[in-house]
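This report describes a metal site and the charged side-chain pairs of one model. Please read it alongside the sequence and coordinates shown here.

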Amino acid sequence: MALCAYAYMTDEKIMIDGCSDRICSEHGKEKDMTGIERLRIYMEEKGLDGFYVAGPANVRCISGYTGEDSWLLIGRKNQYFITDPRYTEQASMECPEYTVIDWRASKGRSVGSALAGVVEQDGIGTMGFEEDVLTYQGWKDMQEMLSAELVPTHGVIEAFREVKTPEEIKKLQIACDIASRAFEKILGDIRVGVTEKELAAKLAWYMVAEGADTKPYGGILISGARTSLLHGIPGKKAIEYGDFVLLDYGCQYDGYLSDMTRTVVVGRADAKQREVYELCRRMTEETEDAILPGVTGAECYEASLKAIEGTEYFPYHYGGIGHGVGLFVHELPFIGKNSTAVLKENSVMTVEPGIYIPGWGGVRIEDQGIVTAEGYQNLISATRELIEL
Ligand SMILES: [Mn+2]
């Protein structure tokens with residue numbers, strides 16, 4: 001899905017405690033290191049005896065675990081996998097190097113209590129945690145139960161996830177291929193009288209039929225004047241002749257996500273629809289042309305504006321124009337107005353500028369691709385030409 005408001009809200013929120021470049025220059029080949037090795041280097045630098053990992057995508061990044069409701073405690077030498085009996089067998093299979101702990105069997109029958117046991121046993125004095133994941137309730141519980149000093153961190157494992165491995169890129173390519181094939185199929189269903197919800201359900205069905213994970217992943221499928229809503233939710237509205245239909249969606253494949261947007265017209269596009277569509281298409285293409293390792297997110301944004309500068313449509317663009325995609329749909333790097341992100345080779349990211357005119361409608365064209373030494377390699381095969389159905 002597009003345009004996470006939180007992600008674009010402030011640049012400060014995107015600042016990273018655990019800069020992967022710094023780790024690289026001080027410790028050599030970051031590409032050869034696993035997530036847990038990099039996390040331990042970070043812990044050593046920050047003087048942390050333990051690191052509590054609670055963000056689901058971060059748990060997967062560090063441990064390789066593909067299930068849910070699980071947490072990690074990484075010590076300097078030992079590593080613990082905390083879950084409940086629904087997942088203990090899966091955890092033992094997927095993460096054999098971890099000590100699996102059933103928190104329901106802990107003294108206090110809680111995750112905090114299970115953590116407290118390990119903290120005491122291993123003599124953990126300082127423990128990092130993800131400040132944007134832990135709830136206030138969780139923090140209070142841990143304050144009460146844990147003898148360790150709790151140290152807030154931000155974006156540490158997220159920074160490890162910014163550059164993708166060849167295996168991750170393969171999965172992302174498959175997720176993008178599934179979404180592109182589903183686009184070809186849904187075109188046959190978009191017609192006058194069908195509702196947005198019906199189309200959204202069919203689109204999801206096509207992706208699972210094409211090989212996507214069954215884990216639901218909400219999509220945007222909106223029509224007519226509603227297409228100016230950046231994050232509109234599919235409703236009961238039926239498609240009418242002359243509508244724009246905006247499809248912003250993707251799927252999960254073996255945990256890895258795709259995210260694409262196409263906007264089509266039902267019937268013949270009128271002159272204004274054609275004009276806005278072509279401007280938006282140029283915005284997407286000119287942004288992609290500007291992408292190279294070393295380019296900043298703000299420079300990408302500048303490139304996206306060339307097409308609409310001096311036109312009446314300039315006021316209708318949005319400041320966030322793309323984001324990394326991997327285990328999570330909005331991750332580093334974020335590109336847009338004021339973005340200080342510096343693009344890295346083998347990041348996988350979307351490019352999704354748009355023009356949104358309240359009461360009239362909007363167009364967004366979103367690709368997902370790899371940042372390579374030669375430029376942006378698009379993984380989405382669906383056409384960017386205007387489609388009139
Ligand atoms: Mn997106």
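## Salt bridges

A salt bridge is a side-chain nitrogen of Lys or Arg within 4 Å of a carboxyl oxygen of Asp or Glu. Under that criterion, a search of the whole structure finds 26 salt bridges, and a network of them links Arg262, Glu278, Arg281, Glu285, Glu288, Asp367, Arg384 and Glu385.

## Basis of the model

This is a predicted model in which local features need pLDDT of at least 70 and side-chain atom pairs count only at pLDDT 80 or more, whereas totals for chains, interfaces and linings use all residues. Residues are numbered from 1 along each chain as its sequence is written, and side-chain values use heavy atoms, with hydrogens and water left out.

## Individual pairs

Glu196 and Arg226 form a salt bridge whose closest N and O atoms are 2.3 Å apart. Glu196 is buried, with a relative accessible area of 0%, while Arg226 at 25% is partly exposed (buried means under 20% relative accessible area, exposed over 50%, partly exposed in between, with a 1.4 Å probe and protein chains only).

In the salt bridge between Arg86 and Asp84, the N to O distance is 2.9 Å; Arg86 is exposed at 55% relative accessible area, but Asp84 is buried at 3%.

## Manganese site

The manganese ion is coordinated by Asp259 (OD), His323 (NE2), Glu352 (OE) and Glu366 (OE) at 2.1 to 2.4 Å, where donors are N, O and S atoms within 2.8 Å of the metal (3.2 Å for Na, K and Ca), and sites may look incomplete because water is not among the atoms. Along the chain these donors follow the spacing D-x63-H-x28-E-x13-E, and both Glu352 and Glu366 are buried.
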